[in-house]
Amino acid sequence: MGQKANSAVFDMLTEKQREALFLAASGLTSKEIARDLGISPHSVDKRIDMVRAQLGSIPRHQLVREFRHWHARCESTTGEPSPLDAEIVFDPKMASQPAGDMLLFEDALTFGEQKGWERHASWLHPGIRPSDLSVGWRLMLVLAASFLAAAAFVLVAAAGNVLVDLLR
């Protein structure tokens, strides 16, 4: 694959894939990455292998090298390190922002910590957000909701049949 094709794949990476590749490009092993991210080494390998598959199953060391080059090219148009990647210096004098508050910036943009559909959902269980659930649990919730909707439809149809029979 060419450099442009690789760049297109790297541009479309998920946040988790980019995070795993960035740590791999920093020289960490799968076990070390897993420890840093709080996941299993198998999950780290799956994230990296998904990217390898998109690039024609290139070897991991080549993937890491190409990701490192892509990241360096994308870091800044001026050749200077990106100010967004700078280390955050902790200043104990600054008051910490309470969790769940909106983050306000001087340019009038507002970014929330939660997804838009999670902010005002009264049905959410405290401490558990749908975005925290794995794909399997989300699928199970969708199937359960579909089953409940189908059951409600059957009950309404049965009640309609009973009413029609009573009116005859």
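**Helix H2 and its surroundings**

Start with helix H2, residues 15-25, and helix H3, residues 30-37: their axes come within 10 Å and cross at roughly 130°. Bear in mind that this is a predicted model. An angle over 145 degrees would count as roughly antiparallel, and H2 and H3 are therefore oblique to each other. The crossing of H2 past H3 is right-handed.

Which residues meet there? From H2 we have Glu19, Ala20, Leu23 and Ala24, and from H3 they meet Ile33, Asp36 and Leu37. Sorted by class, that contact has five nonpolar residues, two charged and no polar ones.

Next, burial. The buried residues of H2 are Gln17, Ala20, Leu21, Leu23, Ala24 and Ala25. Just after H2 comes Gly27, with a positive phi of about 100°.

Now the core. The largest nonpolar core has 19 residues, and those touching the most other members are Phe10, Leu21, Ile48, Val51, Leu55, Leu63 and Phe67. Two or more residues each come from helix H1 (3-11), H2, H3, helix H4 (41-54) and helix H5 (60-75). Which of these gives the most? H2 does, with five residues.

Last, Leu21. Leaving aside residues up to four places away in sequence, Leu21 touches Phe10, Leu13, Ile48, Val51, Leu63 and Phe67. As a general remark, nonpolar side chains tend to be buried together in soluble globular proteins.

That is what I have; questions are welcome.

Key
Residues numbered from 1 in each chain as written. Predicted model: local features only at pLDDT ≥ 70, side-chain atom pairs only at ≥ 80, totals over all residues. Heavy atoms only, no water. Axes fitted to C-alpha atoms, helices over the stretch in contact; angles between N-to-C directions. Helix = DSSP H or I, 4+ residues; strand = E, 2+ residues; numbered from the N terminus. Parallel < 35°, antiparallel > 145°, perpendicular 65-115°, else oblique. Left-handed = near helix turned anticlockwise from the far one by under 90°. Contact = heavy atoms within 4.5 Å. Nonpolar A, V, L, I, M, F, W, Y, C, P; charged D, E, K, R; others polar. Buried < 20%, exposed > 50% of the residue type's maximum accessible area, 1.4 Å probe, protein only. Core = buried A, V, L, I, M, F, W, Y, C linked by side-chain atoms within 4.5 Å.
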